[in-house]
Amino acid sequence: MILGVHDGHDAGAVLIDGERIFAVNEERLNRVKKYRGFPELSIRKVLEMAGASPEDVEVIAVAGIFRKQSRLIELEENLKAIFGKDFKRKVLFVEHHLAHSASAYYTSGWRDAIALSIDAAGDGLSSSIYVARDGEMIRIAQSTYLDSLGDFYASVTELLGFKPMRHEGKVMSLAAYGRPTYDLSSVIELNGLTFDNHLKVVGIEATKRLAELFKYPLKHAKEIAMQMKRGKLEGKLQRKAIEIAASAQAHLEKLVEELGLRLEGYSLPVAYAGGVAQNVKANAVLRHVFGDDNLWVFPAMDDGGLAFGAAIFVKAQFERLDGNWRPFRLEHVYLGPEYSDEDIESTLREEGVQHEEISDVPGFVADALVDGKLVGLFQGRMEYGPRALGNRSILADPRDENVKEKLNVALKRDVFQPFAPSMLWEKAEEYLEDLNGRPNEFMTMSYTASEEFRKVAPAVLHVDGTTRPQAVRKEVNELYHSIIAEFSKKVGIGAVLNTSFNMHGEPIVCSPGDGLRTFREAGLDVLVLGDFVVWG
């Protein structure tokens, strides 16, 4: 048994026991978004899910090498409290970017690949490129934390009044409302396979320099951002903010495309992770270079996936030592905690909630969606990674554009951020105009929607006609596939609106109690927990 541990921001734990994988991030258990610290609850939860004890763990793979002395001592004390005084003999540290890249390569199903990671920073680096062959990873390029593409985008995020390292997705969403007007090659460029930051500063200093460059009033940025969140996008400063977002996004896409074109010369598929891999528009640019069948973005691409990367890297090295390493394809991310109908009913009774049992969940949910209801869906094992993929989701009818406003109000979301669809795997080719291979199952990629899909599903399109789909295979999630298929039978559209089951700024729900609380706070119409339904 190999335990992966990440004790920085987005802390979490992963336990790999042969073919079995259990994974969860601390935020889902302690309800603190992007929790930074030691993942004690996660470690205990993955052990519990596996029916294992601390003594069963043979290796503790810890992501990240560099820690200040106080943090390293704290980590050791926390591990000792769980694993006993001899814990050190089990610990292997795995460098930050190696863990990111390993999470992508060792889950891609490919024997040979380019493994790529790009983020803000970790262990002194901000990007790494490996040639991976037969399970061995050889680094061929890297960028330091000073030459960071991720930090550039985070500084733009801060400049526009959002939280850096958390709200980069808002900048990407805003970018679609404007056109790029600034040339940012004087800020950061690609130099071979390495990024080159001409500002020579990062963090808040970079943000200040960008404010001077754009002549943007940094001291008013949060106020402007708040107005945009509420839908005011037409003021002079709001338009300038949107132009800056569009310019930053266009520059990111340009650099990623240049890198992709240079990597194309290796004639290998690309496995990709790291914080910048959260940018689904830039991912689509890479996809156009390599094709859908030759680009794999690890679904837990941000630091929340580091524990997975550390664990699977160590597993692969031991398999290589034994001469039995084989490529492995991650088919799904339903790797978290699950709750039985007994657990669910017990929670409902403790809370004194009126509920009823239903025999046909797919038919019931499809009917509710046709009736215009907002449905909280809680089933099976929780998803690992930042996306809800049908097990901890809020569903709505994608035909009704007005549903966006209802959901924005209910979940306290920003009005300019789009919603995404879950669609039947077999409908993806019909609904996605630029699909050229296997459709995406993990919402890690944006696509241009087909003309037909734009007509029938306006609620799941962005203003630029793109969409970020989850293609649902029956053999991967039979219940969720059946819900969409039933909805399709009733209205002729093989897709539903799917957003994560949480209030804006909170972690996705994990337990039945979490689901019930969020259902009440959001004022959703229907909550389906396993085989039970609660009405709003």
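The largest cavity is lined by His-332, Val-333, Tyr-334, Leu-389, Glu-441, Phe-442, Gln-470, Ala-471, Val-472, Arg-473, Val-476 and Asn-477. The structure is a predicted model, in which local features need pLDDT of at least 70 and side-chain atom pairs count only at pLDDT 80 or more, while totals for chains, interfaces and linings use all residues. Residues are numbered from 1 along each chain as its sequence is written, and side-chain values use heavy atoms, with hydrogens and water left out. A cavity is a set of points on a 1 Å grid over the protein atoms alone where a 1.4 Å probe fits but cannot get out, and lining residues have an atom within 4 Å of a point.

The volume of the largest cavity is about 80 Å³, taken as the space filled by probe spheres set on the points. Its lining comprises 7 nonpolar, 3 polar and 2 charged residues (Ala, Val, Leu, Ile, Met, Phe, Trp, Tyr, Cys and Pro count as nonpolar, Asp, Glu, Lys and Arg as charged, and the others, Gly among them, as polar). The whole structure holds 2 cavities of 30 Å³ or more. Of the 13 residues that line the second largest cavity, Asp-151, Phe-152, Asn-197, Leu-199 and Ala-206 lie nearest its centre.

Elsewhere, helices α13 (residues 361-370) and α17 (residues 478-491) have axes that come within 8 Å and cross at roughly 50 degrees. Helices are DSSP runs (H or I, at least four residues) numbered from the N terminus, and axes are lines fitted to C-alpha atoms over the stretch in contact, with angles from 0 to 180 degrees between N-to-C directions.

Definitions and conventions: Helix = DSSP H or I, 4+ residues; strand = E, 2+ residues; numbered from the N terminus. 1 Å grid on protein atoms, 1.4 Å probe; cavity = no way out; pocket = protein on both sides within 12 Å on 5 of 7 lines; lining within 4 Å.
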